[in-house]
Amino acid sequence: CSKPLYFYLQVYQLLTDLKQQRKESGKTKQSSGQQNLNTIMYETLKYISKTPCRYQSPETVREFLAAMKDHKLTK
């Protein structure tokens with residue numbers, strides 16, 4: 001069973017959000033809680049980077065959404 005297309009869009013958004021969060025977290029002193037969060041972010045990024053969303057970019061997402069617009073998909 002293949003995953004629905006919107007799954008990859010959501011995973012791509014998660015990937016970009018985690019990368020941004022990781023950049024920002026490196027600028028401050030790390031508490032033990034922050035270190036745990038960094039480990040979770042690292043493991044999540046490592047996993048997501050093995051999915052097809054690693055090939056996505058903002059341009060490909062925009063192109064996909066534009067191509068799907070005429071189909072009036074609801075899910």
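Guide: The following account begins with the model as a whole and then turns to the core and the residues around it.

This is a predicted model, in which local features need pLDDT of at least 70 and side-chain atom pairs count only at pLDDT 80 or more, whereas totals for chains, interfaces and linings use all residues. Residues are numbered from 1 along each chain as its sequence is written, and side-chain values use heavy atoms, with hydrogens and water left out.

The protein has 3 helices and 0 strands, where helices (H or I, at least four residues) and strands (E, at least two) are DSSP runs numbered from the N terminus. Along the sequence the pattern is α-α-α. The predictor's confidence in each residue, pLDDT, runs from 0 to 100; its mean for the protein is 79, and 87% of the residues reach 70 or more. Among the elements, H2 has the highest mean pLDDT (85) and H1 the lowest (79). Where pLDDT is low, the predicted coordinates should not be read in detail.

Of the 75 residues, 17% are buried; buried means under 20% relative accessible area, exposed over 50%, and partly exposed in between (1.4 Å probe, protein chains only). A nonpolar core is a set of buried Ala, Val, Leu, Ile, Met, Phe, Trp, Tyr and Cys residues joined through side-chain atoms within 4.5 Å. The largest such core has 9 residues: Val-11, Tyr-12, Leu-15, Leu-18, Met-41, Leu-45, Ile-48, Cys-53 and Val-61. Helix H1 (5-25) and helix H2 (32-48) each supply at least two residues of this core, and the largest share, 4 residues, comes from H1.

Ile-48 is one member of the core. Beyond its neighbours within four places in sequence, Ile-48 is in contact (heavy atoms within 4.5 Å) with Val-11, Leu-14, Leu-15, Leu-18 and Cys-53. The backbone oxygen of Ile-48 also lies 2.7 Å from a polar side-chain atom of Thr-51. Thr-51 sits in the loop between H2 and H3 and counts as buried because its relative accessibility is 12%.

Val-61, another core member, is found in helix H3 (residues 58-69). Its relative accessibility is 14%, so Val-61 counts as buried. Not counting residues up to four places away in sequence, Val-61 touches Leu-9, Tyr-12 and Gln-56. Val-61 and Leu-9 are 52 residues apart in sequence, yet their C-alpha atoms are 7.2 Å apart in space. For the protein as a whole, 75% of the contacts with a separation of 6 or more join residues 24 or more positions apart.

Charged pairs complete the picture. Side chains of opposite charge can pair when their charged atoms come close. The whole structure holds 2 salt bridges, each defined as a side-chain nitrogen of Lys or Arg within 4 Å of a carboxyl oxygen of Asp or Glu. In one, Lys-46 pairs with Glu-43, with the closest N and O atoms 3.7 Å apart; these residues are separated by about one helical turn because they are 3 residues apart in helix H2. Lys-46 is partly exposed, at 37% relative accessible area, and Glu-43 is partly exposed at 40%. The side chains of Arg-62 and Glu-59 also meet in a salt bridge (3.7 Å, N to O). Arg-62 is exposed, at 53%, whereas Glu-59 is partly exposed, at 44%.

Conventions. A polar contact is a pair of N or O atoms within 3.5 Å; within protein, one must be able to donate a hydrogen and the other to accept it, and residues adjacent in sequence count only if both atoms are side-chain atoms.
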